[in-house]
Amino acid sequence: MRHVISVLVENEAGVLSRVVGLFSARGFNIETLTVAPVGDGETSRITLVTRGEDSIIEQILKQLNKLVPVIQVADLTEGEHVERELMLVKVATDRETRAEVLRIADIFRSRVVDATPTSFMIEVTGDSSKLDACLALLTPLGVTEMVRTGLVALSRGEKGMVSKSGH
Amino acid sequence: MKMTGAQIVIQTLVDLGVDTLFGYPGGTVLYIYDEIYKNKHRIHHYLTRHEQGAVHAADGYARVTGRVGVAIVTSGPGATNAVTGLATAHMDSIPLLCISGQVPAPLIGNDAFQEADTVGITRSCTKHNFLVRDVKDLARVLREAHFIARSGRPGPVLVDIPKDITVAETEYVYSNAEPKIRSYKPTLSGHIGQIRRGAKMLQQAKRPLLYVGGGAVLSDASEELFRLMEGLNFPITNTLMGLGSFPANDGRFIGMLGMHGTYEANLAVSNCDLLVAIGARFDDRVTGKVSVFAPHASIMHIDVDPTSISKNVKVDLPIVGDVKHVLAQFNDLVHAPGYRSGLQDLAPWWEQINEWRRRECLRFTQGSEVIEPQYVIQCLHKVTHGEAIVATDVGQHQMWAAQFYGFQKPRRWLTSGGLGTMGYGLPAAMGAQVARPDGQVVVITGEGSIQMNVQEFATCLQYQLPVKVIILNNGYLGMVRQWQEFFYERRYAESDMHVTPDFVRLAEAYGALGLLCDQVDQVIPTLEKGLSHPGTVIMDFRVSREANVYPMVPAGAGLNEMILI
């Protein structure tokens, strides 16, 4: 089963390689991974998507917790949560396809962030399946380049991951 | 008070109570060694002949004392040579602090002379590691490293210090407070609800078994374990790492379990209805085929490391906590009035176990011609009254030592259980001898293993460490040969090692005493002569070339599928 795991870590050198090294050393897989400093900049938040049986996920959560710079670990898929991903897509256009690209962008409530006479760059946000659907429509029109951030997610409701430091 | 980084290294170690270092100097640690020179009166440095030896020596020191062993190595090859020592300690959860030099910070990443990405290389074979980037962090990092090494599930921690940091100055502020690391808080006490449930399970079991591992040694829980057994009268088996946590001559001890475990221990695992794992991690050498491991048992698991629980074998009752604390919590319940009357009658279970015992799975026949390796260890037990500190290397001799020495007390058994590092024994014994100058420290080794760190005899001589080395010399890499005999139709590919140095003359070359023994009736006299000699001794016992370790559970088989003699 697919799991979205949120990891709050000390924002220090090498912490990402500890997390990634753990996954490779123990044969766990990572589908997506995002990381950025949060709050006061002393911590970073990693969101990663992985797959595995319950026993594997349990090991992943425990092994992450065991890393010294890891402050907290949560499996967001255990409860209600919001998932988002951002994608930038560059589509080469000609006179016939330009209007179609804009229509598709509109359908997915995405924005054009760059335009040249022969191309558009479109920014799409949503859950991963929405991005997949958008990409499926744009691909036949001539996608020349695209990038996705990987998933970020937060649990629903007022409770945060670490209450005392206010995240 | 203003100090240089090098001075801070020494001052912090002294303030942490460290008075012994094992190491090897080199370019990037010269400022630190200059301070070692100036602080000879309060910190003793032992110069090994290889960095691997230094880390193993610190490891042996740690296993015997329970304190953090400290090693110091230079950058580049110094650090890479330390890797096997770190990995050995990591697999066996031994508290170590390894300080490595690093090229000056501005040169890091430039492929400088003797540069290696030490923090990168050692990340997966340490509990944690640090690269110090500012001299202001140095004292704090060393204290945190020492704390992380010794707390929770212990392990090796490496601190990499660039040379320019050792010469930079900052204010040193004394502190003996326990470091506070918000992301690192090991659990000490067990969950009381779980412990109550556990105590009930102990009462209900008709065929219980305690399976006790190295965690009981690491947390110094022998007293609590013995007290628990006063209330329970359960059979108890040890893992390789757990030997000595419970006295081997106690009637309730049924030997080691696992690949080379006893018949009675392995059958007890296969037939018990309650398995209580205490500071053990269900290693593949213990479980054999996992799907048929303890198939009739509920499993309770006490361990300080949550990742060990339900990693290989699904556990019914997990209890996370330090073994010593958790057993004390159990003792409160087990020794409460009325508890013991609720226990089941274990007589039928003991009857069954005693029947298995009568199989005498460790039996061997000592003829009059060829020395059997097991016999040498039995004699060693006799001559030392089972009270020696025994270090081993890896292979057949290691298993025979585990099976036949009969450890009565913890922290006297030094063996590389997890990583299986040949070359561990001699340097580990040196560290043990440094810690216990008056103790009888013995290395049981083979002619293959001893050659992997043979250079350390010079260290023994330099510091007059009277380590006694017993080589069970069969001219083969014996365990490899045994597997080739059993599973590769006796094709002894590259396991014949009959070409060795003349160990007697080798001993003499190092200034030690060398003794050769190839007569059965000379085994005891040789041991007596060697062990009573005041200095370092090598005893070369020419033993039966193709003796095998029995019982043996083939890799991937169930524990009840033992090859018996």
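What share of the contacts in chain B with a separation of 6 or more comes from residues 24 or more positions apart? The share is 76%. Two residues are in contact here if their C-beta atoms, placed from the backbone, lie within 7 Å.

This is a predicted model: local features need pLDDT of at least 70, side-chain atom pairs count only at pLDDT 80 or more, and totals for chains, interfaces and linings use all residues. Residues are numbered from 1 along each chain as its sequence is written, while chains are lettered from A and ligands numbered from 1 in the order in which they are written.

Start with chain B as a whole. It has 21 helices and 20 strands. Helices (H or I, at least four residues) and strands (E, at least two) are DSSP runs, numbered from the N terminus. The radius of gyration of chain B is 24 Å, close to the 24 Å of the globule rule for 565 residues, so chain B is as compact as a globular protein of that length. That radius is taken over C-alpha atoms, and the rule is 2.2 Å times the number of residues to the power 0.38. Along the principal axes, the C-alpha atoms of chain B fill a box of roughly 70 × 60 × 40 Å. Of its 565 residues, 55% count as buried. Buried means that 20 or more other C-beta atoms lie within 10 Å of the residue's own, with C-beta atoms placed from the backbone; exposed means 12 or fewer, and partly exposed lies in between.

Now look at a sheet in chain B. Six strands form an open sheet with parallel pairing, in the order 11-10-9-12-13-14. Two strands pair if DSSP finds at least two bridges between them. Strand 11 (253-256) and strand 14 (317-320) of chain B are the edges, each pairing on one side only. Neighbouring strands are turned by 15° against each other on average, direction ignored. Within this sheet, strand 9 (208-212) and strand 12 (274-278) of chain B run parallel, joined by five bridges. One bridge partner of this pair is B:Ile278 in strand 12, which faces B:Val212. Helix 8 (192-204) of chain B lies across strands 9, 12, 13 (298-303) and 14 of chain B, and runs at about 130° to strand 14. Axes are lines fitted to C-alpha atoms, for helices over the stretch in contact, and angles run from 0 to 180 degrees between N-to-C directions.

Strand 5 (81-92) of chain A is joined to strand 7 (119-126) of chain A by eight bridges. There, A:Val89 has A:Ile122 as its bridge partner. Five bridges join strand 5 to strand 8 (143-148) of chain A, again antiparallel. A:Leu88 stands opposite A:Val147 in strand 8. Four bridges link strand 5 to strand 9 (152-155) of chain A, where A:Arg84 is partnered by A:Val152.

Two helices of chain A also meet. The axes of helix 3 (95-107) and helix 4 (128-142) of chain A come within 10 Å and cross at roughly 170°. These helices are therefore roughly antiparallel. Angles under 35 degrees count as roughly parallel, over 145 as roughly antiparallel, 65 to 115 as roughly perpendicular and the rest as oblique. A:Thr97, A:Glu100, A:Val101 and A:Ile104 of helix 3 meet residues of helix 4 including A:Cys134 and A:Leu137.

Finally, the chains touch. Chain A gives 16 residues to the contact and chain B twelve. Helix 2 of chain A gives the most to chain A's side, with six residues.
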